[in-house]
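Subject: Structure handover

Hello,

Here is the structure we discussed. My notes on what was found in it follow below.

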Amino acid sequence: MKHLIASILIAACAFPASAIPAFDEVRRDFKPSDTLILSREGEVLQRMRVDATVRRGQWVALQDVSPALRQALVLSEDQRFFEHSGVDWRAASAAAWGNLWNQRTRGASTITMQLAGLLDGDWRQGPGGRTVVQKLGQTVAAQVLDRRWRKDQILEAYLNLVPFRSELVGIDALSRTLFGKAAHGLDDREAAVAAALVRAPNARPALVAQRACGVLRDMQASVSTSPLQRRAKGAAPAAGLPVDCDALEFFTTAALQRRAFDASEGVAPHFARHLLRQRFKDGAVPPERVPSTLRAPLQRFAVQSLQQHLRELRGRNVEDGAVLVLDNATGAVLAWVGSSGALSQASEVDGVLALRQPGSTLKPFLYAQAIAEQRLTAASLVHDSPAQITTASGLYIPQNYDRQFKGWVSVRTALAASLNVPAVRALVMVTPDAFHRQLAAVGLPLRESGDYFGYSLALGSPEVPLLHLTNAFRTLANGGRASAVAVAADAKPLFTAALDARAAFIVGDILSDGNARARTFGTDSVLATRFWSAVKTGTSKDMRDNWAVGWSQRYTVGVWVGNASGAAMHDVSGTSGAAPIWAAMMGFLHAREPGPAPRPPVGLVRAPVRFGPAPLAPAGSPPLEAARQEWFVPGTQQALFAIDSVAYGAYTERARGQKDQKSSVGSATTASAATAATVITTGARITAPAPGTVVALDPDIPPTRQRLHLRASGQGLYWRMDGKPLGRGPQVAWLPWPGRHVIQITDAAGTVLDEVRIEVRGAGVLPGAAPGR
């Protein structure tokens, strides 16, 4: 009867044991807790943890495990591993005899038996130990495993599947976490500690060190074998030194406290997170290796360039930055650097996706829309002068970056030199709502409406991420065609028309013109490249963000520098902040690639233009700008662009375009949008403040120190405030007084030439101070 029961038990155990998988199947099903992000060249760029329940590294081949560890493991766990057939019957007999006489003996479980338990949970030891059925099943499974697998395969699988400590499973995770190195670099002492952890994974450091000391003694004792035997077994060379167990305890305690195996490691952490979010949604588990679109050399250069330049700007309160490189044809991300890394106090914040104010980088899309709608041409003359725009929320007074005004300039100069006031005047023509729709078309959807931002939309008041902004510039590079950014190697672009191709080309031609940007950036600007490129810089309010975004025929590069905290930078301009990084990236991309200029789209007209002198200038004065060849949308071209009577007298017939309209900026009358010649009257007029202006006194400034500057055009002018004399000349400063006021200018005879009505709100001046003085 006993024999029958034993036979039934063995048969019951033998059936599941026969289902042991093959070595190749186990290797194929092995899932690291990390995913490797690969470059398009196949290099590992980033390691990302995707399984929070366990820390399992990469599968390590046996030949990549140090000989010391292989020796330590066999001596510690299974000394006759290479001799028995899966079960060490001699050790099993000794263990049974010891249990009979209550003697403490070495365990009889072999490496092969332990591996059988790791491969099949039915044989795994529970909290109360293994049952008789489990022990029999594990014994049978070990013998089946030994017949089907080679010894080196058993040892390799065991090293990769065995739990070592806490969440650490496998030799790769252990060696990188506790010792900060790969498995092939473990020495005798490290190997002894690793082997000791197999027997007691969560024991106290002192107990682990005690066991490791015994393993190390066994390793040194085994060197008594001949060199030939050591080479055959892969044993470590003789150390010849006594074991210092006290020192080993200190070493073990320090190693068990280390957490050197970071959750993420590499040069593209922010891109890796974005890639995994985009490709593996709804809880899908990423594979062991994920290919990407990044170029490994370019990514490393981008990281290096950003960190190097930010170190140079460290004294100007700049610690964060981001770099993005896109392929124009496919939209593939070639480089993505979301942070300055160790230089940043917020290195986990992805600067490529963070919302920041883009500043003047939105101007190219505004001018492109105005050109496409034939409101302006590249040669149109616009007035860069003080402007006060009445809005529903108060008075809007745009300023240039350098607080200076250039007077009458062409659109080419206004955009290339990044003048603010002309951009606001252009937005008045286009309207904020229409421009808001244009930004959405090029991939910049804003959370609020155009009316919410008002005319500040021209100067980049909304917040956008570098990813969307750079891709919007890629739309300009592709002749107005927009497509999504691609992070997967097999993604195909799907283009949609977002902007007039002719307008996109003209804007690109302007932004590549070094002479046009000279008024602001000089002729030797860092923005100039030895190949064709177009670029726009931008700086947000209070110098919180600095940008440089531009493109060549093949690539679009976007750079942002600033502080993740939103703190203002100190004295960082468009050419000293992001632009040097942009120039370095472009230089690297085109070190061995040509950068030819793009071909103009069908339908563009190139014609010679010349400009008249400044208004009211003496006879023989030089023209506003030098004569040149200029690009036009068909029907908007003309030979002369001038101001005042010159513009009207030069032609008997205007080019086709929209009807003349009164501008709401200043008091100038804008001529036909197609001709873009702007006309002003020769009579005297009040240019500031605008009619209906509401002035709010600042409560934080003493009232007697606040002044409102009144400006007018003309000569021999006298100012009156509420009928009382105020001053003379083209400009006077007035001490604001609460209430409604009438401002007038007169000639010497007292004839009123112009007047405006304004209102001042807020606290008045100190008692006793006379108003209007």
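A disulfide joins C213 to C245, with an S to S distance of 1.7 Å. Please keep in mind that this is a predicted model. The structure holds one disulfide, and the cysteines concerned sit in two helices: C213 in α10 (residues 205-221) and C245 in α12 (residues 245-256). The pair therefore ties together parts that are 32 residues apart in sequence. C213 has a relative accessibility of 2% and counts as buried, whereas C245, at 24%, counts as partly exposed.

D146 forms a salt bridge with K151, and the closest N and O atoms are 2.8 Å apart. Both D146 and K151 are buried.

R176 forms a salt bridge with D172, where the closest N and O atoms are 2.9 Å apart. Where do R176 and D172 stand in helix α8? They are four residues apart in that helix (residues 171-178), so about one helical turn separates them. On accessibility, R176 is partly exposed, with a relative accessible area of 31%. D172, at 7%, counts as buried, because the cut-off for that class is under 20%.

R412 forms a salt bridge with D513, with 3.1 Å between the closest N and O atoms. This pair links distant parts of the chain, 101 residues apart. R412 belongs to helix α16 (residues 411-416), while D513 is in the loop between α21 (501-511) and α22 (518-521). R412 is buried, and D513 is buried too. Both residues also take part in a network of salt bridges that links R412, D509, D513, E625, R628 and E630.

Three strands form an open sheet with mixed pairing, and their order is β3-β5-β4. The edge strands are β3 (55-56) and β4 (163-165), each of which pairs on one side only. Between β4 and β5 (residues 168-169) the pairing is antiparallel, over two bridges. R165 stands opposite L168, which is in β5.

The loop between β4 and β5 contains S166. Is S166 buried or exposed? With a relative accessible area of 59%, S166 is exposed, because the cut-off for that class is over 50%.

Q374 is another non-glycine residue with a positive phi, here about 60°. Its place is in the loop between α15 (363-372) and β10 (381-384). At 24% relative accessibility, Q374 counts as partly exposed.

Last, the backbone has a cis peptide bond to check when you set up the model. The bond joins A688 and P689, and its omega is about 5°. P689 lies in the loop between β25 (685-688) and β26 (694-696).

Regards

Note on methods:
Residues are numbered from 1 along each chain as its sequence is written. This is a predicted model: local features need pLDDT of at least 70, side-chain atom pairs count only at pLDDT 80 or more; totals for chains, interfaces and linings use all residues. Side-chain values use heavy atoms; hydrogens and water are left out. Two strands pair if DSSP finds at least two bridges between them. Buried means under 20% relative accessible area, exposed over 50%, partly exposed in between (1.4 Å probe, protein chains only). A disulfide is a pair of cysteine sulfur atoms within 2.5 Å. A salt bridge is a side-chain nitrogen of Lys or Arg within 4 Å of a carboxyl oxygen of Asp or Glu.
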